[in-house]
Amino acid sequence: MKTITYKVENEYGLHARNAALLAQACVGMATQITVRYNGAVANGSNVLQVLALQAVKGAKIEITAEGGDEDAALETVVRALSAGDGNKKAVKLLKIAFYGTKEYDRLYFSELAKERGEGTYNCEITYYDCRLTKWTAYLSKGFDAVCIFVNDECPREVVEALKAYGVRLVLLRCAGFNNVDLKAAKECDITVLRVPAYSPYAVAEHAMSIIMTANRRLHKAVNKVKDNNFDLSGLLGFDLHNKVAGIVGTGKIGQCMARICKGFGMTVIAFDSYPNQRLVNEGLLSYVSKEELLEKADLVSLHAPLILGEGGTYHFIDEEAISKMKDTAMLVNTARGGLIDTEALIGALKRGKFHAVALDVYEGEDENVYTDHSFDFLDNDITARLQIFPNVVLTSHQAFFTREALQAIAAVTLENAKNFNEGLPYGDAECKA
């Protein structure tokens, strides 16, 4: 354990941007960081706890590192806390129209956007509960940017409307950008920025959670016990140990899922259009063709982006792909609904194909995502049809939904806004047609 004293030099004190950068750095560390000031204690990876310290300019805070490379961790922490201290560039306030707002969005975005001036995010957010569609695009009039999520709609018609209303920036608070017409955005001189990665662990852990729920029929078991029924009929599952996991897409999330599967004692094979030799060299997985993966895998986990057009990933799992899979295969999708042909999947389930299917995303989910339809009449039967199968588990596009992911989404989205406002590089955040 090692402790240092750090003097806060920024005139805004330990402000929101520094706290966000600190939390982001700490989430990825093997070292535990604790920050103390004036009798209060904060976990370095929790941005709200760090902000609650209310350390003003001149405050001397104690930073403790425990475990791992403590010296390197403390150096990283000091860099995060010092970020922007020397930036005296005057920039104008960036006005953002925030669509599809939930209370958990306000919790993090409002805290990070509350300060003004150099070194801060320097933006003003107006929150709207509605999604961005052609009917609600007019709300962006007078704003520099819109901030949207996976279920917002930004086709050409909407992009052109945003241009007419003066919008110059689309901020995606997610990794996927298939809901934005990038070609239209380029033609309209609108920059589109995303969050390349927020918490790959959150998504991968959810993928394993829901496929294990479907495998062991935990959703059925819980309800049976609530009914005072302790019979085991219909609850038989499979060991994952010594089975074959097929990972489709070996980006950050796919890699996390591969490591989880490895921890279960599974053999991991993968398919990716751009293989990562480093993963092979470390013995994590081996790359195979799509056909071989489908034929050999006991568990198929989808982590690829949705790419439309010839050679893309749209309906990667279609009727032909399903026919190559084992009848006892397990399938989980936490990426994009369009990766699976839902009609082909339902047809296969009717024929008794698949031991278990777990879907956090699926075609036709857009109207359901993050809304309460419990008192509505059924006008879209995809969800109902999927739920009739005892071996299927559905969740509501929540794989990302952890504290670490929410604060990362807010921090990276506002970093993107800051970079746009100050003419700084975008890195992997930029979406190009």
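Me: Why is Tyr 99 called buried?
Reply: Buried means under 20% relative accessible area, exposed over 50% and partly exposed in between, with a 1.4 Å probe and protein chains only. Tyr 99 has a relative accessible area of 0%, so Tyr 99 is buried. This is a predicted model, in which local features need pLDDT of at least 70 and side-chain atom pairs count only at pLDDT 80 or more, while totals for chains, interfaces and linings use all residues. Residues are numbered from 1 along each chain as its sequence is written, and side-chain values use heavy atoms, with hydrogens and water left out.

Me: Why does Tyr 128 count as buried?
Reply: Tyr 128 has 18% relative accessibility, and the limit is under 20%.

Me: What makes the pair of Tyr 99 and Tyr 128 tilted?
Reply: Rings of Phe, Tyr and Trp (its six-membered ring) pair if their centres lie within 6.5 Å; planes under 30 degrees apart count as stacked, over 60 as edge-to-face and the rest as tilted. Here the centres are 5.7 Å apart and the planes at 45°, so the pair is tilted.

Me: How many aromatic pairs does this rule give?
Reply: The count is eight. Among them, Phe 98 and Phe 109 are edge-to-face, at 4.9 Å centre to centre and 70° between the planes.

Me: Why are Phe 98 and Phe 109 called buried?
Reply: Phe 98 is at 0% relative accessibility, so Phe 98 counts as buried. Phe 109 has a relative accessible area of 2% and is therefore buried.
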